[in-house]
Amino acid sequence: MKMEELYEMLQKSSIIALNDIKLYYFKPPSIFFGIMLPLILYFAFTLGRPCVTEAYRLTGVVAVSVFFGASTLEAVVLPMERRTRTFERLVSAPLSLEALLIGKMASGAIFGIALGFVMATILILVGPAWQWTGFSAGLSLSPIPFILTIIISAINSSSLGLLLSVRAGDVADAMMPLNFLRFVMIFLSGVFIPLEETYMFNPSLAPLAYLLPLTYSVDALRQTTFGPIDLWKLLIDLVILIVFSIVLIFTAIELVKHSMR
Amino acid sequence: MDAVQIIDVVKHYGNVLALDHVNLSVKEGEFFGLLGPNGAGKTTLIRILTGLTAPTSGRTLILGYDVLNEPVKAKKQFGLVPEISNVYDDLTAWDNLMFMAKLYGIPEREREERAMKLLEALGLRERVDSPVKQFSKGMRRRLAIAAALIHEPRILFLDEPTSGLDTQSSRFIREVLRELNRKGMTIFLTTHFIEEADQLCKRVAILDKGKICVVDTPENLKASLQEKEALEVIFNSPTSIDEEEFKKHCSGIVRLSENKFRFYVSDSSSILPLLVDFAKNKGLKILSVNTLKPILEDVFIKYTGIDPLMAERMEQLRYKR
Ligand SMILES: Nc1ncnc2c1ncn2[C@@H]1O[C@H](COP(=O)(O)OP(=O)(O)OP(=O)(O)O)[C@@H](O)[C@H]1O
Ligand SMILES: [Mg+2]
């Protein structure tokens, strides 16, 4: 691909993404599944399982917010645009399917990133400092790796949402498989319960955790906020998330192509 | 170069054969109509031409660009007004146009000038800043047309542009299309309103069950009919007619309603006495007899066969004239 073509593609993607931001960020399902649900989960786990550290739980909430926010937006945008047929308006416009879907993915990712930063600011940076969340943990933030982690995690979650929503006819159709996957991931990815405990009685299932992208997001987020950082481990987390995202996006593109046959 | 070229297009949806080896070309500047009953495959053909659906086999070219292989170039050449007006409900009319203009890469200054002109031309000037949610069906259709024109395409595809609209809106849209065509734009529309095709199109193709039956000017199509006249008869009460009885004098009888029939004849004077006898024998009264010159509808009937429901609807149409 030539430079200009790449530039044009990114430009078109950004037009699509900006339009989504304007239209869908404040839709009720975006707000409920993206913002409320992670908070509800946080309180549920706070009340139910006091045996992990507060730092552990709070990084879990931030990871879940990024994940829920980004994937939810896809599950709202794509089915709505299919139902109103505005998706077809975009398909018949002069931009490649790749540019179109990357734009769609980007609007979800930006939603996840925004939520992630807001949550992290409140729960990890400000909260503990004021002892407002009940603890003052030794924060050891590595800003650039932390920012990268949030961005890459959001892209990954949005790509997953994209893949699950791209054929759905309405929001409920897309939310169902997505919610199922979310709950599987929350319990099996070490979000609120450490992996060693999750698989304590069934160690043979432990590899399952490594098939779920959220495992890598959570691990990377913990390393970059409360430390300690193991550079290799962090790098592997991020690379795996990126590879996951690429596979998810290309599968989504193929699915759309297939649906046009 | 042809504006639109359809080469041996076949489309299967599972077991349904929606298009059966369609071949067609439309010249630049032409006003072309694709006429067919429900389920004929009109929408499918438009979707294939605009890259929304891939054909099972065959190719389509838009001003020489293959829709499958060079989709982006092909898509720059046309605007599409789909069957369902798919404008963004949550945006204003103005923002809808701005969004489309950006997607087509139109510079900012020009964007605004064009949008203003289009909204003016389509009678939406006062509603520039209203969210589309509040628009009537006719207004949405007009906005969809404006959105399809914002990049000044050379070809405009419209799928049933006036269906579901009242007479006044329909007439307005037809006038807009005529004007666009006069200025050189190629127009390709589908319709099941025969009148619309007759009034607007330079050439029409009749599509039935996925096959193109015939392509010609409306005038030639009408002239090609053997039956030069049709006779419409209304009796005072419901009855049925045995076609055998009239076989010698007419080539077909269509029952338009319980007591209303149409006879296709070459010479209406020869059949009138038979009709009077028929009525007398059955104890019926003839309420009215009308002779009709062939219209495009008759060509349509000849090629697609007739279905009583359809006939009734056409009936209402003819009534309006
Ligand atoms: N997405 C689809 N899946 C399966 N079958 C389809 C699909 N779209 C159209 N068809 C079938 O293809 C045939 C042609 O449909 P199409 O919508 O093109 O007809 P049409 O001429 O536009 O009809 P109408 O006047 O009702 O709009 C029909 O038999 C229809 O059932
Ligand atoms: Mg149709």
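Colleague: Which element gives the most to the shell around ligand 1?
Modeller: Keep in mind that this is a predicted model. In it, 14 residues surround ligand 1, and B:G39, B:K42, B:T43, B:T44 and B:E83 are the closest. Two elements of chain B give two or more residues to that shell, β2 (16–27) and α1 (42–49). The one that gives the most, with 3 residues, is α1(B).

Colleague: Thanks! How many residues of the shell around ligand 1 are charged?
Modeller: Sorted by class, the shell holds 5 nonpolar and 6 polar residues. That leaves the charged class, and its count is 3.

Colleague: How far is the polar side-chain atom of B:T44 from an oxygen atom of ligand 1?
Modeller: Let me start with the backbone. A polar backbone atom of B:A40 is 3.1 Å from an oxygen atom of ligand 1, and a backbone N or O atom of B:G41 lies 2.9 Å from an oxygen atom of the ligand. For B:T44 the atom belongs to the side chain, and its distance to a ligand oxygen is 2.5 Å.

Colleague: What share of the accessible area of ligand 1 does the protein cover?
Modeller: Taken on its own, ligand 1 has 630 Å² of accessible area. The part of this that the protein covers is 60%.

Colleague: Let's step back to chain B as a whole. What percentage of its residues are buried?
Modeller: Chain B has 12 helices and 14 strands. Its C-alpha atoms fill a box of roughly 75 × 45 × 35 Å along the principal axes. Of its 321 residues, the buried ones make up 55%.

Colleague: Why is helix α11 of chain B described as largely enclosed by the rest of the structure?
Modeller: The helix runs over residues 296–304. Its buried residues are B:L296, B:E297, B:D298, B:V299, B:F300, B:I301 and B:T304. The helix is largely enclosed because the buried residues number 7 of the 9.

Colleague: Where do B:E110 and B:R114 lie?
Modeller: Their side chains meet in a salt bridge at 2.7 Å, N to O. B:E110 counts as partly exposed at 35% relative accessibility, whereas B:R114 is buried at 15%. An α-helix has 3.6 residues a turn, so residues three or four places apart point the same way. These two are 4 residues apart, about one turn, and both lie in helix α4 (residues 108–121) of chain B.

Colleague: Is B:K73 buried or partly exposed?
Modeller: B:K73 forms a salt bridge with B:E70, at 3.9 Å from N to O. With a relative accessible area of 45%, B:K73 is partly exposed.

Colleague: How many salt bridges are there over all chains?
Modeller: Over all chains, the count comes to 28.

Colleague: Now chain A, please. Is A:W232 buried or exposed?
Modeller: A:W232 is found in helix α10 (residues 231–259) of chain A. Together with A:L235, A:I236, A:V239, A:V243 and A:V247, this residue forms a nonpolar surface patch of about 610 Å² of accessible area. Exposed means over 50% relative accessible area. At 63%, A:W232 therefore counts as exposed.

Colleague: One last one: how far apart in space are A:I150 and A:A220?
Modeller: A:I150 lies in helix α6 (residues 143–165) of chain A. At 1% relative accessibility, A:I150 counts as buried. In sequence, A:I150 and A:A220 are 70 residues apart, but from C-alpha to C-alpha the distance is 9.0 Å.

Key. Residues numbered from 1 in each chain as written. Chains lettered and ligands numbered in written order. Predicted model: local features only at pLDDT ≥ 70, side-chain atom pairs only at ≥ 80, totals over all residues. Heavy atoms only, no water. Near = heavy atom within 4 Å. Polar contact = N/O pair within 3.5 Å; in protein donor to acceptor, adjacent residues only side chain to side chain. Areas by Shrake-Rupley, 256 points an atom, 1.4 Å probe, with all protein chains shown as cover. Nonpolar A, V, L, I, M, F, W, Y, C, P; charged D, E, K, R; others polar. Patch = residues over 30% accessible without salt bridge, like charges linked within 9 Å, V, L, I, M, F, W, Y side chains within 5 Å. Salt bridge = Lys/Arg side-chain N within 4 Å of Asp/Glu carboxyl O. Buried < 20%, exposed > 50% of the residue type's maximum accessible area, 1.4 Å probe, protein only.
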